Amino acid sequence: MTADTTAAQSAAYRDDRAHVFHSWSAQALLNPIVVAGAAGARFWDTDGNTYLDFASQLVNVNIGHQHPKLVAAIKEQADQLCTIAPFHANAARSEAARLIAELAPGDLNKVFFTNGGAEATENAIRMARLHTGRHKVLTTYRSYHGSTAAAITMTGDPRRWANEPGIPGVVKFWGPYPYRSAFFTTDAAEECERALAHLADVLTVEGPATVAAIVLETVVGTNGILVPPDGYLQGVRELCDHHGIVFVADEVMSGFGRCGEWFAVDHWGVTPDLICFAKGINSGYVPLGGVIISEAIAESFATRPYPGGLTYSGHPLACASAVASINVFKEEGIIEHARHLGDDIIGPALADLAARHPSVGDVRGLGVFWAIELVRNGETREPLVPYNAAGEANAPMAEFAAACRDRGLWPFTHFNRTHVVPPITISDEELRTGLAIIDEALDVTDKHAVA
Ligand SMILES: Cc1ncc(COP(=O)(O)O)c(C=O)c1O
């Protein structure tokens with residue numbers, strides 16, 4: 001994407017290119033737009049281009065941009081107390097922890113606050129290892145858990161490769177993915193059964209008594225919006241109970257309304273031992289994440305010190321914005337709105353796209369968390385672009401993204417997929433406008449597909 005003349009001449013652009021070192025990128029190849037502002041489901045650049053944010057930035061702006069109540073809460077907290085060390089009690093932190101504990105399932109009653117998702121998954125496995133006295137951690141291929149040392153080792157996607165060998169003791173297994181089954185299944189029930197049998201087998205050969213934790217994205221996010229078949233999470237819960245393993249649900253992306261529930265596990269009525277959260281907790285207005293902890297695990301650290309901490313654990317500005325965000329969710333019925341958007345608009349619209357566009361192989365999701373998986377051939381399911389494609393090999397996806405942006409929509413694309421993940425507060429009308437743009441942009445990918 002090219003920044004045009006006005007942006008490219010700005011001090012923001014020049015200083016960025018001279019001094020900002022960006023995530024995940026070959027620095028010299030970047031050409032960012034300069035963002036001037038945002039409101040609700042839209043953001044705009046200094047050249048006057050406005051985008052419907054169908055990515056919620058990095059699937060974190062659940063409540064929309066610049067929600068006045070969050071902005072006011074941050075200002076109010078800033079006037080009162082900007083920062084305080086983690087060992088003091090503080091009203092904003094205490095209230096945020098209580099509200100989160102009240103929302104969490106079962107007896108997950110304590111919250112360890114972090115600055116984001118990776119620190120949450122790092123600390124979750126630290127807790128699990130110390131609680132069980134075991135060292136191994138099982139995670140899935142096709143997952144993302146963050147980019148710090150343990151989190152990137154847990155990650156089951158190509159972002160891990162350049163970071164290997166990583167930390168010891170992390171073992172990968174295959175999770176369910178009915179459209180591209182690792183188990184040669186033909187329906188979701190069979191996928192569930194065989195995925196659980198596979199996990200049980202992996203546990204047997206790894207030695208269940210060596211396994212501290214199984215870490216799962218409740219609904220896999222970046223790696224494909226893989227919604228687990230009914231019964232899968234219950235089955236994982238049973239395996240964990242049977243072997244005394246800690247079940248960690250990584251809800252950094254899937255939590256806080258994204259799946260039409262406070263926590264995605266609520267959709268299946270499953271209670272994990274630890275839930276990792278970040279992103280949607282306060283829509284990233286101030287960096288915040290954390291781990292919600294069961295009574296039994298918290299009890300492990302009642303009289304022995306927990307060997308982990310962060311200067312900004314429970315930062316007042318972040319916690320005040322979390323309190324405001326949770327209250328807005330309740331006052332504005334945002335969970336209900338997420339269900340409505342998924343059930344009444346996105347689900348039917350994507351089914352319609354799948355029926356009309358030969359390049360659409362599969363559509364899936366729930367709440368405001370959906371994927372459109374693109375293929376060259378609907379019969380063979382050959383992906384539109386190869387796994388982890390870059391450069392020329394990724395051209396069809398790049399063309400699709402450009403077609404969206406040209407029409408005023410900022411898409412989320414990953415490998416051979418585009419995800420429909422706008423702010424949960426988006427209006428019906430804006431959502432329909434965005435879906436119509438995707439419909440048009442799919443004409444571009446259709447040209448690469450067998451009709
Ligand atoms: C499921 C999941 N876990 C963890 C993370 C890492 O979060 P952060 O980037 O805040 O460290 C992400 C980020 O995308 C995520 O999607």
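**Around the ligand**

Tutor: Sorted by class, the ligand's shell holds four nonpolar, four polar and three charged residues. Keep in mind that this is a predicted model.

Student: Which residues surround the ligand?

Tutor: The list is Gly-116, Gly-117, Ala-118, Tyr-144, His-145, Gly-146, Glu-217, Asp-250, Val-252, Met-253 and Lys-279.

Student: What is the distance from the side chain of Asp-250 to a nitrogen atom of the ligand?

Tutor: An N or O atom in the Asp-250 side chain sits 2.7 Å from a ligand nitrogen. Tyr-144 uses a polar backbone atom instead, 3.4 Å from a nitrogen atom of the ligand.

Student: How much of the ligand's accessible area does the protein cover?

Tutor: On its own, the ligand has 390 Å² of accessible area, and the protein covers 80% of that.

Student: New topic. Where is Ser-56?

Tutor: In helix α3, which spans residues 56-59.

Student: Is Ser-56 buried or exposed, and why?

Tutor: Buried, because its relative accessibility is 0% and the cut-off for buried is under 20%.

Student: What does the side chain of Ser-56 reach?

Tutor: The backbone oxygen of Pro-422, at 3.1 Å. A polar atom of that side chain also lies 2.7 Å from the backbone oxygen of Val-421.

Student: Which residues does Ser-56 touch, leaving out those up to four places away in sequence?

Tutor: Val-61, Arg-258, Val-421, Pro-422 and Pro-423.

Methods. Residues are numbered from 1 along each chain as its sequence is written. This is a predicted model: local features need pLDDT of at least 70, side-chain atom pairs count only at pLDDT 80 or more; totals for chains, interfaces and linings use all residues. Side-chain values use heavy atoms; hydrogens and water are left out. Helices (H or I, at least four residues) and strands (E, at least two) are DSSP runs, numbered from the N terminus. Buried means under 20% relative accessible area, exposed over 50%, partly exposed in between (1.4 Å probe, protein chains only). A polar contact is a pair of N or O atoms within 3.5 Å; within protein, one must be able to donate a hydrogen and the other to accept it, and residues adjacent in sequence count only if both atoms are side-chain atoms. Contact means heavy atoms within 4.5 Å. A residue is near a molecule or strand if one of its heavy atoms lies within 4 Å of it. Accessible areas come from the Shrake-Rupley method with a 1.4 Å probe; for residues, only the protein chains shown count as cover. Ala, Val, Leu, Ile, Met, Phe, Trp, Tyr, Cys and Pro count as nonpolar, Asp, Glu, Lys and Arg as charged, and the others, Gly among them, as polar.
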